[in-house]
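Thanks, everyone, for making the time this morning.

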Protein chains: 2
Amino acid sequence: MAKYVLEDFTDGRIFDLPSYAVERDEIIAFAQEYDPQPFHLDEAAGKASMLGGLSASGWHVCGMMMRMICDAYLLESTSQGSGGIDYIDWKSPVRPGDTLTGTSTVLASRTSSSKPHLGLVTIRTEIRNQRGETAAACEHLLLCLTRKGYEEGAAA
Amino acid sequence: MAKYVLEDFTDGRIFDLPSYAVERDEIIAFAQEYDPQPFHLDEAAGKASMLGGLSASGWHVCGMMMRMICDAYLLESTSQGSGGIDYIDWKSPVRPGDTLTGTSTVLASRTSSSKPHLGLVTIRTEIRNQRGETAAACEHLLLCLTRKGYEEGAAA
């Protein structure tokens, strides 16, 4: 099983994310459940808002981004989850028919001082639409196993 | 129609959030769509991980939090969306059977210098489980209309 361990997340390494096709039904279904503001539910309300048209919830955009990250590298990694996010910038609306792509760039990585089998990786992920406009950017922390931790079966 | 405009988001004002009952099926359905890491899908994989049991995706927890915010005040506000999030801390796992509650506290608010009908409100939201443990905390920006902007029908 090819797995990414801490040592594979070298500074500056870039992971290309697979594309994500944004569908109208999915935008509305997510919004109905988690963020039922009118501009996430209805074209006319979107047009009347600052967003200028029906647009996905920012949290939905984060969900899409996470799925892209999972499929690019996270599900092949020794991920142990994440403690949090440094920031999220929602830079331009995500609309039905958009196709998102993106990259994750490793900014820094280190071994945990208290848990030597565990690594902390700081990653910046940016996703863009088909016009090259940045849809969202964020910096997030990934907890994963070191090679030694993985080979010894720590927390696995 | 009672609406919260910029002037209603006074410094230090606290909004109590309604409770959210976390269900196993919802945890798994969200994870299958957006974050299919094993510890979000399967009890045994959760137990074997640092999370110690089946736990909701952090992004799902953000979705739950957003729904609580919507139902507490956002859907009754002149919200125009949000430009982003300052940070998210996922402090303890959210599990099936948990009941979340929380608060949003206004940290600061001001009128936009470039768009005088628009206000920018900085809010800290914290959600807790039934044992009083903080599940997640974040600081988020809310764009909303000033009273004058709302009365004049700006972007509405």
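**The interface and the cysteines**

In this predicted model, 41 residues of chain A are in contact with 41 residues of chain B. The area buried between chain A and chain B is about 3300 Å², and carbon and sulfur atoms give 63% of that area. Of the area that chain A buries against chain B, Tyr34(A), Met50(A) and Trp59(A) supply 24%, which is more than any other three residues.

As for polar interactions, there are 0 salt bridges between chain A and chain B, whereas the count of residue pairs in polar contact is 16. The elements giving two or more residues to the side of chain A that touches chain B are helix H1 (24-34), helix H3 (58-72), strand S2 (79-81) and strand S3 (84-90) of chain A, and the largest share, 9 residues, comes from H3(A).

Turning to symmetry, chain A can be laid on chain B with an RMSD of 0.0 Å by a turn of 180° and a shift of 0.0 Å along the axis, and the two copies are thus related as by a two-fold rotation axis. Among the residues of chain A, Tyr87(A) comes closest to that axis, its C-alpha lying at 2.4 Å. Because 100% of the interface residues of chain A are also interface residues in chain B, the copies meet through the same surface.

Finally, how many disulfides are there over all chains? The count is 0: the sulfur of Cys138(A) is 6.3 Å from the closest cysteine sulfur, that of Cys62(A), which is too far for a bond. Cys138(A) counts as buried, at 1% relative accessibility.

Key:
Residues are numbered from 1 along each chain as its sequence is written. Chains are lettered from A and ligands numbered from 1 in the order in which they are written. This is a predicted model: local features need pLDDT of at least 70, side-chain atom pairs count only at pLDDT 80 or more; totals for chains, interfaces and linings use all residues. Side-chain values use heavy atoms; hydrogens and water are left out. Copies are superposed by least squares on the C-alpha atoms of residues with pLDDT of at least 70 in both. Contact means heavy atoms within 4.5 Å. A disulfide is a pair of cysteine sulfur atoms within 2.5 Å. Buried means under 20% relative accessible area, exposed over 50%, partly exposed in between (1.4 Å probe, protein chains only). Buried area is the accessible area (1.4 Å probe) that two parts lose on being put together, summed over both. A salt bridge is a side-chain nitrogen of Lys or Arg within 4 Å of a carboxyl oxygen of Asp or Glu. A polar contact is a pair of N or O atoms within 3.5 Å; within protein, one must be able to donate a hydrogen and the other to accept it, and residues adjacent in sequence count only if both atoms are side-chain atoms. Helices (H or I, at least four residues) and strands (E, at least two) are DSSP runs, numbered from the N terminus.
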